[in-house]
Amino acid sequence: MNSSEEIAVSAMSAGRSALRMGPAELVQAAAMARRFYLEGKSKIQIAEEFGVSRFKVARVLETALERDLVRIEIRVPAELDAERSDALRARYGLRHAVVVESPADSVDVETADAPDPENLGAVAADLLGELVTEGDVLGLAWGRSTIHMAAALHRLPPCTVVQLTGVYDAGTAERGSVEAVRRAAQVSGGEAHPIYAPMLLPDPATAAALRNQTGIARAFEYFDKVTVAAVSIGSWEPGISTVHDMLTDEERGHYASLGVAAEMSAHLFDAEGRRVGRDLGERCITVEADRLRRIPEVVAIAGGLRKAAAIGAVLRSGLVTSLVTDTAAADFLLTESAPGPRPALERADPDVV
């Protein structure tokens, strides 16, 4: 990732709280601190150089910190919130959690027609650059966030890229998921396996027939080989869930009555992360939930207060392992009720008791 954690250490020759140390102590402490913090030498190496025990070195370094002889500053780029990221990772048992600052006009993040914060895609692209290794199979699901992420990619090791879902509108495939897959494959120099088909079909028979078509079947064959996947999350509202927008009013009402709170890759979840409306999957071109759960690394990209509850629901499902989000969603997730067992690490299915 472009963002790096930088540790800046300054060893002062004197300071108000360090004046009680004699000049020899000050010089020695500064030298030991320089060796340890700036040169990366071990306490044993420093002890050998100065002819003292490693315990003496440890005491000197501790004293140097206590008396302000050494100042350690941890800096990350302003757009990243390291404290929230770590808290979110620990609370949900995520492998990786990256929280970026919400837009200054964060009120807009709450509106239904507001897009995810624009910087999520760029940060997610950098995260994929870290997680993907040579020979991996990268899976990309339909979603505005994953499309923005693919557009922001600038480095990827050689890998195969496969599309995990059909598209929102087959007529815009070239500008959506298909183009995202091609873009990622171009950056990595690997093979691309797009899916030229809608995500949602009128009935299960039509969906089954499409799955058997050569190009789509070839992409499906890669699903069990995917090692890293990127997915988007939508809440069950107009303009926020593509599946919601593709259904009739009657169908929306039916799934709403089942308690659907979130959607990811055409899978529906209630507030506790349990899958509902499984019959919808029979009409969809998408990676199955069980296959998604077996993928070692699944990165969800979603932000904004409007999606916060949906993000929490999907995190409880055990289907994702990492999250790129913003401060508005993170604050909600850090204050809602505890999720119980760490779902992202356990990969536990809440439907299985």
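Residues are numbered from 1 along each chain as its sequence is written. Because the model is predicted, local features need pLDDT of at least 70 and side-chain atom pairs count only at pLDDT 80 or more, while totals for chains, interfaces and linings use all residues; side-chain values use heavy atoms, with hydrogens and water left out.

Start with helix α13, residues 308-316. Helices here are DSSP runs of H or I with at least four residues, numbered from the N terminus. Of its 9 residues, 8 are buried, so α13 is largely enclosed by the rest of the structure. Buried means under 20% relative accessible area, exposed over 50%, and partly exposed in between (1.4 Å probe, protein chains only). Among the buried residues are A308, I311 and R316. Next select G318, which follows α13 and has a positive phi, near 80 degrees.

Now turn to the salt bridges, each a side-chain nitrogen of Lys or Arg within 4 Å of a carboxyl oxygen of Asp or Glu. The whole structure has 14 of them.

Select R35 and E49, whose side chains form a salt bridge at 2.8 Å, N to O. R35 lies in helix α1 (residues 23-38) and E49 in helix α2 (residues 43-50), so the pair ties together parts 14 residues apart in sequence. R35 is buried at 18% relative accessibility, and E49 is partly exposed at 40%.

Move to R252 and D249, where the closest N and O atoms of the salt bridge are 2.6 Å apart. Both lie in helix α11 (residues 249-257), 3 residues or about one helical turn apart. D249 is exposed, at 62% relative accessibility.

Key
Helix = DSSP H or I, 4+ residues; strand = E, 2+ residues; numbered from the N terminus.
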